[in-house]
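The sequence and structure are shown first.

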Amino acid sequence: MSNSNEVTGQPTGWVQQLGSDLRSQGYASILNQPFDDQDADKIIGQLLPEFKYLLYIHADERRKYFIADYAGRNTVIKLLEQMENTKKSARLNVQESDRVGYNRYSDEIQRLNDLKKMLMQERFG
């Protein structure tokens, strides 16, 4: 008897915790774990019988989210805004002569802003 999920290879309790977080908070986060779109597809396949709609977004290398409803969407938007503000602060601290660093932060800020806009247009249910 294995303690890992046959589909994802993740510990069974981990997938159950994701479902619990989605039910209670409307979103679930994947933090600091190797996790890609294929893993997300497998999880969505397992959780869709319980949830009418699930959205997966990759905020950055350390933060990925599953969203099940409007409350979860709104929370994730706030989390993205916090990430964006952190990037803006970091961009201010980059030396004027470091255009590459400045542009990298600007690109990341734009990407986070685009993610927020996409989430605002999502219709759950």
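## Salt bridges in the helices

In this predicted model, Glu108 has a relative accessibility of 18% and therefore counts as buried, the cut-off for that class being under 20%. Its side chain meets that of Arg111 in a salt bridge, with 2.8 Å from N to O. Arg111, at 30% relative accessibility, counts as partly exposed. Glu108 and Arg111 are three residues apart in helix H4, so about one helical turn separates them.

A network of salt bridges links Glu84, Lys88 and Lys116. Glu84 is buried, with a relative accessible area of 5%, and Lys116 is likewise buried, with a relative accessible area of 13%; their side chains meet in a salt bridge of 2.7 Å, N to O. This pair links distant parts of the chain, since Lys116 lies in helix H4 and Glu84 in helix H3, 32 residues apart. Lys88 also forms a salt bridge with Glu84, where the closest N and O atoms are 3.6 Å apart, but here both residues lie in helix H3, four residues apart, which is about one turn of the helix. Lys88 itself, at 33% relative accessibility, counts as partly exposed. The count of salt bridges comes to five.

## A buried aspartate without a partner

Asp21, found in helix H1, is buried yet has no salt bridge. The nearest side chain of opposite charge is that of Arg23, 8.3 Å away, whereas a salt bridge is counted within 4 Å, so Arg23 does not qualify as a partner. Leaving aside neighbours within four places in sequence, Asp21 is in contact with Gly26, Tyr27 and Ala28.

## Overall architecture and the sheet

The secondary structure of the chain comes to four helices and three strands, and from the N terminus on the elements run α-β-α-β-β-α-α. Of the 125 residues, 39% count as buried. Among contacts between residues at least 6 apart in sequence, 60% join residues at least 24 apart.

The three strands form an open sheet with antiparallel pairing, in the order S1-S3-S2. Strand S1 (27–31) and strand S2 (55–60) stand at the edges and have a single partner strand each, so that one side of each is left without a neighbour in the sheet. On average, and with direction ignored, neighbouring strands of this sheet are turned by 20° against each other. Between S2 and strand S3 (residues 63–67) the antiparallel pairing extends over five bridges, and Ile57 stands opposite Tyr65 in S3.

Two helices contact this sheet. Helix H3 (residues 70–93) lies across S1, S2 and S3 and runs at about 160° to S3. Helix H4 (residues 99–121) packs on the sheet as well, touching S2 and S3, and its direction makes about 165° with that of S2.

## Nonpolar cores

The largest nonpolar core has 16 residues, of which Trp14, Leu18, Leu22, Phe35, Ile43, Leu54 and Phe66 touch the most other members. At least two residues of this core are supplied by each of helix H1 (12–25), S1 and helix H2 (37–47). Apart from residues up to four places away in sequence, Leu22 touches Tyr27, Ala28, Leu47, Phe51, Leu54, Phe66, Ile67 and Ala68. A second, separate core of 14 residues includes Ile67, Val76, Leu80 and Leu112.

Definitions and conventions. Residues are numbered from 1 along each chain as its sequence is written. This is a predicted model: local features need pLDDT of at least 70, side-chain atom pairs count only at pLDDT 80 or more; totals for chains, interfaces and linings use all residues. Side-chain values use heavy atoms; hydrogens and water are left out. Two strands pair if DSSP finds at least two bridges between them. Axes are lines fitted to C-alpha atoms, for helices over the stretch in contact, and angles run from 0 to 180 degrees between N-to-C directions. Contact means heavy atoms within 4.5 Å. A nonpolar core is a set of buried Ala, Val, Leu, Ile, Met, Phe, Trp, Tyr and Cys residues joined through side-chain atoms within 4.5 Å. Buried means under 20% relative accessible area, exposed over 50%, partly exposed in between (1.4 Å probe, protein chains only). Lys and Arg count as positive and Asp and Glu as negative; His and the chain ends are not counted.
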